Amino acid sequence: MSADVEHGKDPWIGLGLAEAADGARIGPAPVADILAGGRRLRHRRRTVVGAVALASVVALTGGALAQLRPDPAAARTASVAPAAAGASAAQPEPAVTVGAIVPGVRDPFSPIRVRLGKGVVNGKTWELWQALWPVAPKERAYEQALAVWQERAPYDPVVTKPTEDFVLHYYDPDSDVTDTYVMVDGVRLGHDSEGITPSPGKLDPRMANTFGGGLVGHRGKDDVPVIPLDLVHLSIGPDVGRVLVTWEDGTTTEPTPVTVGDSPTRHMVIPRPGTMRAKSWQFFDKNGTKLPDAGAKYLTEPAS
């Protein structure tokens, strides 16, 4: 299962799946090849399956779905002091949830917002947020799509207003809608990404230990990133127990997973420490068994 597709349009016209018809190559579900616009992706079987299963199009704030080798031109230098050799690299601040989580109550028009990560670089405070909109009944799916678009459009003029035909054609009763975005010094930026992720109880059990991810704030190799650092956002299945990143100086990062509402998908945010390059990425299940890494190469290229 592989894909190597380029698109120059916003892939989420409506609720996502735009450009599916001409881009899908790997099976009956067109969602497998929907990519955040304007870049080439190299997938290996495990990472594609994991990314598709966990977040159909992993919402990466304009980053690359399961991008194993982020283009070096997409990187930006982050002036964060590297950790001392042998120590663990600095991690973003803990998650913050905005919105009430009421067991058994899922309002498709009241998204749960969770801050996935926060840090400071060059005196600027960055935050990565995800809003999760519970799946709407089909008769209200277009209403929800308009609500999501109305929230996104003021921050990003390339976001296209959905059409009702499109929304209903690709309606998925088993998936919630997500919108992942960056804030810098309290100001929400463009380059957000809309995606879908399995609703509670709808994740295929075979996908429980899969993962996918990519750089945040990049839409392609010629695009100017909107955030002042290199930041990786991973989406992981509920049976992924641990991720260990080893940097070139021997320091390590073990990111803490963050849950958004009652979603089975969890999230990790890994900022590049200074201009450090990652040496390896290791993934483990809940029993400590090492999982195939699908050749993960996040942040292994030098910062620009």
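Two strands pair if DSSP finds at least two bridges between them. Strands here are DSSP runs (E, at least two residues), numbered from the N terminus. The structure is a predicted model: local features need pLDDT of at least 70, side-chain atom pairs count only at pLDDT 80 or more, and totals for chains, interfaces and linings use all residues. Residues are numbered from 1 along each chain as its sequence is written, and side-chain values use heavy atoms, with hydrogens and water left out.

**View 1. An open sheet of four strands.** The strands follow the order β7-β8-β12-β11, with antiparallel pairing. β7 and β11 (258-259) are the edge strands, each pairing on one side only. Five bridges link β7 and β8. L215 has V232, in β8, as its bridge partner. Strands of a sheet pair through backbone hydrogen bonds, either parallel or antiparallel.

**View 2. The largest nonpolar core.** A nonpolar core is a set of buried Ala, Val, Leu, Ile, Met, Phe, Trp, Tyr and Cys residues joined through side-chain atoms within 4.5 Å. Buried means under 20% relative accessible area, exposed over 50%, and partly exposed in between (1.4 Å probe, protein chains only). The largest core has 19 residues, and V232, L234, V243, I270, W281 and F283 touch the most other members. At least two residues come from each of β7 (211-215), β8 (231-236), β9 (240-247), β12 (266-271) and β13 (278-285). β9 gives the most, with four residues.

**View 3. The surroundings of W281.** Contact means heavy atoms within 4.5 Å. Neighbours within four places in sequence aside, W281 is in contact with V232, L234, V243, L244, V245, I270, D293, A296 and Y298. A second, separate core has 17 residues, including L116, W126, L132 and L189.

**View 4. E194 and R152.** E194 lies in strand β6 (residues 193-198). E194 counts as buried because its relative accessibility is 2%. The side chains of E194 and R152 are joined by a polar contact of 3.0 Å. A polar contact is a pair of N or O atoms within 3.5 Å; within protein, one must be able to donate a hydrogen and the other to accept it, and residues adjacent in sequence count only if both atoms are side-chain atoms.

**View 5. Two residues with positive phi.** Most residues other than glycine have a negative phi. D185, in the loop between β4 (175-184) and β5 (187-188), has a positive phi of about 55°. H191, in the loop between β5 and β6, has a phi near 65°. D185 is partly exposed at 44% relative accessibility, whereas H191 is buried at 12%.
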